[in-house]
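Dear colleague,

I am passing on the structure we spoke about, with the sequence alongside. Please look it over first, and then read the notes that follow.

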Protein chains: 2
Amino acid sequence: MPVKLAPPDAAKILPIAGVKIGITEAGVRKANRRDLTVFSFASGTTVAGVFTKNQYCAAPVLICKQHLKNSAGIRAMLINTGCANAGTGDDGMVRAQATVTTLAASMGIKPEQVLPFSTGVIMEPLPVDRINAGIPKCVSALAENEWTNAAHAIMTTDTIAKACSRQVVIDGKTITVTGIGKGAGMIHPNMATMLSFVATDAAVSQGLLQRVLDDVVMDTFNAITIDGDTSTNDSLILAATGASGVTLVDETLNYAAFKQAVYEVCLELAHAIVRDGEGATKFITIAVENGPSREACHKIAKAIAHSPLVKTAMFASDPNLGRILAAMGYAGVAELDVSKVSMHIGHVHVVENGGRRADYVEADASAVMKEPEILIKLNLGIGNAKATVWTCDFSYDYVKINADYRS
Amino acid sequence: MPVKLAPPDAAKILPIAGVKIGITEAGVRKANRRDLTVFSFASGTTVAGVFTKNQYCAAPVLICKQHLKNSAGIRAMLINTGCANAGTGDDGMVRAQATVTTLAASMGIKPEQVLPFSTGVIMEPLPVDRINAGIPKCVSALAENEWTNAAHAIMTTDTIAKACSRQVVIDGKTITVTGIGKGAGMIHPNMATMLSFVATDAAVSQGLLQRVLDDVVMDTFNAITIDGDTSTNDSLILAATGASGVTLVDETLNYAAFKQAVYEVCLELAHAIVRDGEGATKFITIAVENGPSREACHKIAKAIAHSPLVKTAMFASDPNLGRILAAMGYAGVAELDVSKVSMHIGHVHVVENGGRRADYVEADASAVMKEPEILIKLNLGIGNAKATVWTCDFSYDYVKINADYRS
């Protein structure tokens with residue numbers, strides 16, 4: 001059961017002029033499910049991407065990076081659910097390329113104008129025949145208002161589809177930003193969404209679009225973690241079709257408004273991924289403040305977010321809060337002065353000067369921890385920087401889902 | 001249920017001349033259990049220690065480090081089970097000191113000749129009165145042949161006591177090394193045993209004893225992990241009473257034989273801690289070979305050992321082996337060339353040149369993974385260094401134990 005997360009309201013997920021989506025049942029891994037998605041972009045669309053930092057990344061990630069560098073003008077994306085095509089060596093590259101070539105031929109574009117994405121089981125061969133058979137069906141189904149359906153088609157162990165839109169008025173014209181994402185497990189920054197596709201009808205140069213995405217990802221997708229496992233396939237794409245007729249230029253107020261809209265879409269998708277994390281019963285915000293640098297605060301927040309002992313205590317609503325400070329202590333921040341640390345759980349002030357407050361009553365923390373959303377706030381007392389990380393708890397169901405994933 | 005681990009055979013756990021142990025029920029946390037242990041060392045005993053690198057370390061760890069530095073000649077250890085005395089600020093130091101002073105008075109030695117150790121719940125005040133009331137009972141019970149009882153008295157969530165002995169003949173005389181340990185959870189190198197106490201009747205200078213311990217810990221206690229959480233209280237002690245009359249000198253054959261015996265005791269205790277890891281159903285050896293450096297191999301082995309996705313797949317005996325390579329990929333070893341990687345599970349050759357072998361049959365790996373002991377061997381193909389790490393799987397019971405620990 002996801003934590004306070006409702007399915008997207010299809011009426012509120014806005015199409016983006018210049019983007020069409022076609023979906024089909026290709027039987028990539030399972031029969032009778034829509035598992036193959038094609039995005040087409042109008043000519044002139046700019047595309048930015050952020051990908052997994054896992055060195056053992058999947059074949060489609062390698063191809064995406066290459067095609068984005070070529071700058072031939074990206075015109076399409078091909079996404080399959082069920083087979084990651086990672087850990088597949090040269091054969092994996094050949095297979096991914098074969099599907100890219102088929103889509104390019106089917107749309108009358110060049111192969112290097114296609115970005116491929118895969119999610120699913122690692123180290124199994126990509127079923128090229130089934131995907132190639134599905135491609136013409138996707139292409140003939142291309143339509144503007146398919147975002148919510150696409151959000152469903154890219155799901156794996158997700159229990160709820162993830163999609164959202166934002167609009168902002170610039171120079172009297174409305175710009176729309178819409179995105180979809182999938183997550184559930186193997187989710188950990190560096191970068192870190194499983195797959196997320198965001199598009200806008202603003203006109204933005206590729207260089208500027210990439211800067212927007214790099215900035216936004218730090219405080220959204222790279223600030224969430226489910227289990228600390230960085231996937232082989234993580235990909236985040238931001239495409240700008242320019243169909244609104246509004247061109248954005250760096251360092252203007254309009255640019256800031258646009259970036260804010262992209263940030264809000266990415267944050268909502270990132271939070272949705274945590275809320276629907278495998279086995280999640282709690283949505284946990286870890287805010288580390290007054291640290292020596294953003295990096296140091298982020299490091300401590302991450303150590304806490306990854307600690308299985310903290311995560312199981314959260315699952316149990318057990319204020320065994322020393323585990324939080326223990327995780328802080330091994331995060332590896334040299335400047336840390338434990339005697340200056342203060343900690344709140346929700347509104348309850350638990351620790352000051354590194355030790356438990358004399359008037360702290362465990363029942364107060366216990367009450368806060370029974371809520372589905374929990375805020376852990378650490379004040380390091382040694383600087384002005386801060387960082388926030390979001391995570392979920394560790395439940396029986398996490399083990400169940402990951403022990404049973406392939407069966 | 002621990003993985004292939006039998007309780008120690010008390011007849012095989014050998015006393016160490018010059019070491020006496022007294023145990024009592026002090027009611028530190030729970031009634032009716034032996035939870036307070038005193039070790040006394042003969043005059044002239046040298047003592048070496050390795051402690052947690054967690055910056056948020058417990059009060060007793062701070063005191064141990066100070067007393068070892070003072071070199072007043074350590075004559076006693078005081079170990080309580082139930083209260084970690086970590087995250088307790090200045091008050092925790094005062095309380096730990098109060099118990100140290102009581103033991104010193106009771107034995108007629110100086111407080112700085114006492115090393116205190118605690119294990120249990122973090123951030124709760126040490127029950128000084130109950131411990132001080134128990135100390136005279138421990139002192140009056142001091143006897144040589146209490147090692148196995150002490151192994152029981154230091155347990156927390158351990159299901160089996162951990163103790164072992166080795167003997168080696170040097171210059172016609174027998175030297176004995178005996179150790180006990182406790183573990184179960186929150187166990188992760190840097191350093192990493194919860195508590196482990198080893199003693200020998202050899203005579204070894206403190207400097208040399210510390211070098212032996214530092215060398216041995218790297219490939220034993222610092223090469224195991226249960227959940228990646230470095231505890232606030234981890235402590236490993238090696239004491240040398242000299243009662244055998246054999247004095248060891250650096251860089252001799254005798255020294256190598258002695259170090260080997262210490263290594264074997266530490267390795268057996270470290271393995272026992274993994275085998276009895278919280279919820280463990282599998283004992284997993286991760287051997288990384290032909291890497292660019294020991295450190296790089298260790299980093300990759302650790303990333304695999306920490307991955308919840310790998311650990312849940314091991315629990316399920318599901319050869320979802322791409323997860324192992326994904327963990328390798330995010331370990332952060334720059335020299336890694338994934339196209340050169342080869343992987344075996346037990347005797348089954350799964351991956352070569354970074355991809356799945358053409359003749360690999362999943363049923364073979366599946367059969368290996370059903371065993372209680374699993375060997376994962378990665379050959380990086382880019383050097384001559386290697387490292388081995390031991391861990392266990394991640395089961396429903398891990399979550400259960402850690403969600404329920406305090407209740």
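**Salt bridges**

Over all chains, a search of the whole structure finds 28 salt bridges, a salt bridge being a side-chain nitrogen of Lys or Arg within 4 Å of a carboxyl oxygen of Asp or Glu. One of them joins the side chains of B:K162 and B:D276, at 2.7 Å from N to O. Because B:K162 lies in strand β6 (residues 162-170) of chain B and B:D276 in the loop between α6 and β11 of chain B, this pair ties together parts that are 114 residues apart in sequence.

Before going further, please keep in mind that this is a predicted model, in which local features need pLDDT of at least 70 and side-chain atom pairs count only at pLDDT 80 or more, while totals for chains, interfaces and linings use all residues. Residues are numbered from 1 along each chain as its sequence is written, chains are lettered from A and ligands numbered from 1 in the order in which they are written, and side-chain values use heavy atoms, with hydrogens and water left out.

**Where the chains meet**

In chain B, 57 residues are in contact (heavy atoms within 4.5 Å) with 57 residues of chain A. The two chains bury about 4,600 Å² between them, 58% of it on carbon and sulfur atoms; buried area here is the accessible area (1.4 Å probe) that two parts lose on being put together, summed over both. The elements that give two or more residues to the side of chain B that touches chain A are α8 (308-315), α9 (322-329), β13 (348-352), β14 (355-356) and α11 (396-404) of chain B, where helices (H or I, at least four residues) and strands (E, at least two) are DSSP runs numbered from the N terminus. The count of salt bridges between chain B and chain A is 0.

**Sheets of chain B**

An open sheet of 7 strands in chain B has the order β9-β16-β11-β15-β12-β13-β14, with mixed pairing; two strands pair if DSSP finds at least two bridges between them. Its edge strands are β9 (224-225) and β14 of chain B, each pairing on one side only. β13(B) and β14(B) pair in the antiparallel sense over 2 bridges, and B:V351 stands opposite B:R356 in β14(B). Helix α6 (residues 253-275) of chain B lies across β9, β11 (283-291), β15 (373-379) and β16 (385-392) of chain B, and runs at about 45° to β16(B); axes are lines fitted to C-alpha atoms, for helices over the stretch in contact, and angles run from 0 to 180 degrees between N-to-C directions.

A further open sheet, of 4 strands, has the order β1-β2-β4-β5 in chain B, again with mixed pairing. Its edge strands are β1 (19-24) and β5 (114-121) of chain B. β1(B) pairs with strand β2 (residues 36-41) of chain B in the antiparallel sense over 6 bridges, with B:V19 opposite B:F41 in β2(B). Helix α3 (residues 128-140) of chain B packs on this sheet, touching β1, β2 and β4 (76-83) of chain B.

**Hairpins of chain A**

Strands β12 (residues 342-345) and β13 (residues 348-352) of chain A pair in the antiparallel sense over 3 bridges. In their hairpin, which has 2 residues between the strands, A:G346 takes a positive phi near 55°. β13(A) and β14(A) also form a hairpin with 2 residues between them, and A:N353 in the turn has a positive phi of about 50°.
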